[in-house]
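Please examine the structure shown below together with its sequence. The paragraphs that follow lead through its helix packing and its sheets in turn.

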Amino acid sequence: MDAVHTGAEQPGGDPARPVGALEHLRVFLLGPFAARLGASHPLPVLHKAQDLLALLLLAPGQAMLREAVTDTLWPEARADASRKLMRQALWHVHRAADVVTDERLVLADGDALRINADRKVWLDVTTFTDAVHLAHGDHLDDDQLAALARAADLYRGPLHVGCLDEWCMVPRARLEDQCLTLLDRLSHEHERRRNLDAAIAWAQRVLDIEPAHERSHRRLMRLYYETGDRTRAIRQLQQCRAVLEHELGVRPDGSTESLGASILHGEDAPVDAPAPGWDGPLAALQDQLSALRRSVESLDSLLRHSEPR
């Protein structure tokens, strides 16, 4: 599937784009579903047609059997009813997406369905995931950092928000994890460059998505302290304690409490930002494993104390 460009777009915006790109179909799956032709022509794609289009777009270049699609989108329907629903969804996609071209967006090849590779389609998920791969690099130049920021702005919310079907859950969780990696890298990189206000803003974006992301709490404590706001740094520790207790039933890691003690006593704040190279994903996994271990220990203690004597 062709990506038109790597700049972030918004469904209702009118960003600069290459000459001659107005005929491209643009589909936004991160957050509420949105699609438009050209600069601003929105496509009125109905609910299950949205699901069908999203399902096929998330498998670029791959064909899906009709039976598999109907079982995925209408698992409770009888075979004849699901086939009728499929015809209706395909008709709605055709009516919305094929109004300015003879090339259908969704092709039916016998018992299979696929996205037409000859159609010019821009998908936010593709641009976003390309940037996530970039975020794993050891060193970022200014252009790469700007590309990460544009990709982060593409993430308007969970994948195809509002869809509660099982097929959407795994890619939704994966993309949310990738967004956390991307935001965490942005915050780390701006801290490394001593752009502290930007580092704070990106770390807060992490907590907007995952309030129990302990490393971001720790980073904000350190950044607030470095910018002279000791009170806010201590308040961040208190928020970290409350969130971890509420979400996971655990207390913060020892390194978080140690940082809080240093801040409370006016000492130099220890730095736990990665050294040269990028080990953000590994550090995030270590944080998650540490929190899981503490959660298991807390549950074990609770169970032992609740045993009948």
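In this predicted model, the axes of α8 and helix α9, which spans residues 230-248, come within 7 Å and cross at roughly 165°. Angles over 145 degrees count as roughly antiparallel, and α8 and α9 are therefore roughly antiparallel to each other. The crossing of these two helices, α8 and α9, is left-handed. On the side of α8, the residues in contact are Glu214, His217, Leu220, Met221, Tyr224 and Tyr225; on the side of α9, they are Arg230, Arg232, Ala233, Gln236, Leu237, Gln239, Cys240 and Leu244. Sorted by class, the contact of α8 with α9 has 8 nonpolar, 3 polar and 3 charged residues.

Helix α8 also packs against another helix. Helix α8 (residues 214-226) and helix α10 (residues 254-264) pack at an angle of about 15°, with their axes 10 Å apart. That angle makes α8 roughly parallel to α10, since angles under 35 degrees count as roughly parallel. Here too a handedness can be given: α8 passes α10 in a left-handed crossing. From α8, the contact involves Glu214, Arg218, Met221, Arg222 and Tyr225, which meet Ser255, Thr256, Leu259, Gly260, Ser262 and Ile263 of α10. The residues of this contact between α8 and α10 divide into 4 nonpolar, 4 polar and 3 charged.

A further helix pair involves α4 and α6. Helix α4 covers residues 124-135 and helix α6 covers residues 166-192; the two pack at an angle of about 50°, with their axes 9 Å apart. That makes α4 oblique to α6. The crossing of α4 and α6 is left-handed. Val125, Phe128, Thr129, Ala131, Val132 and Ala135 of α4 meet Leu175, Gln178, Cys179, Leu182 and Arg185 of α6. By class, this contact of α4 with α6 has 8 nonpolar, 2 polar and 1 charged residues.

Strands β1 and β7 belong to an open sheet of 4 strands in the order β3-β2-β1-β7, with mixed pairing. Within this sheet, β3 (41-42) and β7 stand at the edges, each with a single partner strand, so one side of each is left without a neighbour in the sheet. The pairing of β1 with β7 is parallel and extends over 3 bridges. One of the residues involved is Arg26, whose bridge partner in β7 is Trp122.

Trp122 also takes part in an aromatic pair. The model contains 2 aromatic pairs. Among them is the pair of Phe28 and Trp122, which is tilted, with 5.2 Å centre to centre and 55° between the planes. Phe28 lies in strand β1 (residues 25-28) and Trp122 in strand β7 (residues 121-123), so the pair ties together parts that are 94 residues apart in sequence.

Another sheet remains to be described. Strands of a sheet pair through backbone hydrogen bonds, either parallel or antiparallel. In this case, 3 strands form an open sheet in the order β4-β6-β5, and the pairing is antiparallel. Strands β4 (64-65) and β5 (106-109) stand at the edges, each with a single partner strand, so one side of each is left without a neighbour in the sheet.

What joins β4 to strand β6? Strand β4 and strand β6 (residues 112-115) pair in the antiparallel sense over 2 bridges. Met64 has Leu113 as its bridge partner in β6, and Leu65 has Ala112 as its bridge partner in β6.

Leu107 stands opposite Arg114 in β6. The hairpin of β5 and β6 has 2 residues between the strands, and in this hairpin Gly110 takes a positive phi near 65°.

Methods
Residues are numbered from 1 along each chain as its sequence is written. This is a predicted model: local features need pLDDT of at least 70, side-chain atom pairs count only at pLDDT 80 or more; totals for chains, interfaces and linings use all residues. Side-chain values use heavy atoms; hydrogens and water are left out. Two strands pair if DSSP finds at least two bridges between them. Axes are lines fitted to C-alpha atoms, for helices over the stretch in contact, and angles run from 0 to 180 degrees between N-to-C directions. Angles under 35 degrees count as roughly parallel, over 145 as roughly antiparallel, 65 to 115 as roughly perpendicular and the rest as oblique. A crossing is left-handed if the near helix is turned anticlockwise from the far one by less than a right angle, and right-handed if clockwise. Contact means heavy atoms within 4.5 Å. Ala, Val, Leu, Ile, Met, Phe, Trp, Tyr, Cys and Pro count as nonpolar, Asp, Glu, Lys and Arg as charged, and the others, Gly among them, as polar. Rings of Phe, Tyr and Trp (its six-membered ring) pair if their centres lie within 6.5 Å; planes under 30 degrees apart count as stacked, over 60 as edge-to-face and the rest as tilted.
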